[in-house]
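Here is a short briefing on one protein chain. Keep the sequence and the 3D view open while reading.

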Amino acid sequence: MAEDDIDEDAPIFAIAAAAELAAMHAQTLRQYDRLGLVVPGRTQGGSRRYSLRHIRQLREVARMSAEGISLPAIARILELENEVAGLRREVRDLEQRLRDEMQQRPGARVFAAGATGAVVTLRHGARVRRATEVVLYRHPSDPPASPQS
């Protein structure tokens with residue numbers, strides 16, 4: 001299995017294994033859970049289960065704590081980091097949706113002025129009546145128009 005195939009959010013480590021991987025005591029992990037610093041998943045029986053992302057966060061908490069950063073400040077830093085990660089995922093999703101939309105609608109960025117002055121989107125390859133004055137707009141990122149014969 002490749003490293004890219006590992007789900008970093010899968011809650012797979014029991015507290016003893018997570019404590020060992022994070023080089024901490026299990027009681028420290030329990031305390032961080034109570035404080036809301038690193039909150040693991042729970043089994044149906046209520047046992048804590050930590051993911052690789054949790055392990056990374058625990059190590060980061062230990063590093064920041066060793067540098068003298070207070071636990072409330074660490075909690076805020078982690079909250080902001082989680083928010084940034086969520087926003088980055090959202091941006092990636094939106095960028096992908098935009099790319100998909102652009103591929104499915106080639107030429108959809110060609111516009112004309114209608115008889116009332118309204119902007120009208122033209123389908124790719126659509127012709128406009130000669131009696132209508134038309135100004136075509138092509139976005140700079142669109143490919144150049146091919147010469148028509």
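## Aspartate 33 and its surroundings

Leaving aside residues up to four places away in sequence, aspartate 33 touches Val38, Val39, Pro40, Arg42 and Arg48. The model is predicted. Aspartate 33 sits in helix α2. Its relative accessible area is 10%, so aspartate 33 counts as buried, the cut-off being under 20%.

**Overall layout**

- The protein chain holds 4 helices and 4 strands.
- In sequence order, the pattern is α-α-β-β-α-α-β-β.
- The protein chain has 149 residues, and 19% of them are buried.
- Take the contacts in the protein chain with a separation of 6 or more: 46% of them join residues 24 or more positions apart.

**Helices α1 and α2**

- Helix α1 spans residues 15-22, and helix α2 spans residues 26-35.
- The two pack at an angle of about 100°, and their axes are 8 Å apart.
- An angle from 65 to 115 degrees counts as roughly perpendicular, so α1 is roughly perpendicular to α2.
- On the α1 side, the contact uses Ile15, Ala18 and Ala19.
- On the α2 side, the partners are Ala26, Leu29 and Arg30.
- By class, the residues of this contact of α1 with α2 are 5 nonpolar, no polar and 1 charged.

**The loop between α1 and α2**

- Alanine 23 is placed in the loop between α1 and α2.
- Phi of alanine 23 is near 60°.
- That is a positive value in a residue other than glycine.
- Is alanine 23 buried or exposed? Alanine 23 has a relative accessible area of 72%, so it is exposed, the cut-off being over 50%.

**Isoleucine 12, before α1**

- Isoleucine 12 belongs to the segment before α1.
- Its relative accessibility is 53%, and isoleucine 12 therefore counts as exposed.
- Which residues does isoleucine 12 touch, not counting residues up to four places away in sequence? They are Arg49 and Tyr50.
- Isoleucine 12 and leucine 52 are 40 residues apart in sequence.
- In space, isoleucine 12 and leucine 52 are 8.2 Å apart, C-alpha to C-alpha.

**Helices α3 and α4**

- Helix α3 covers residues 52-66, and helix α4 covers residues 71-104.
- They pack at an angle of about 140°, with axes 11 Å apart.
- The crossing in which α3 passes α4 is right-handed.
- From α3, the contact residues are Gln57, Val61, Met64 and Ser65.
- From α4, they are Ile74, Ile77, Leu78 and Asn82.
- The contact of α3 with α4 comprises 5 nonpolar residues, 3 polar residues and no charged ones.

**Annotated region, residues 77-104**

- An unreviewed UniProt entry annotates residues 77-104 as "coiled-coil region".
- In the model, the chain over residues 77-104 is 100% helix and 0% strand.
- How many Å apart are the end C-alpha atoms of residues 77-104? They are 41 Å apart.

Key: Residues numbered from 1 in each chain as written. Predicted model: local features only at pLDDT ≥ 70, side-chain atom pairs only at ≥ 80, totals over all residues. Heavy atoms only, no water. Axes fitted to C-alpha atoms, helices over the stretch in contact; angles between N-to-C directions. Left-handed = near helix turned anticlockwise from the far one by under 90°. Contact = heavy atoms within 4.5 Å. Nonpolar A, V, L, I, M, F, W, Y, C, P; charged D, E, K, R; others polar. UniProt positions renumbered as here; feature names shortened; annotations may be inferred. Parallel < 35°, antiparallel > 145°, perpendicular 65-115°, else oblique. Buried < 20%, exposed > 50% of the residue type's maximum accessible area, 1.4 Å probe, protein only.
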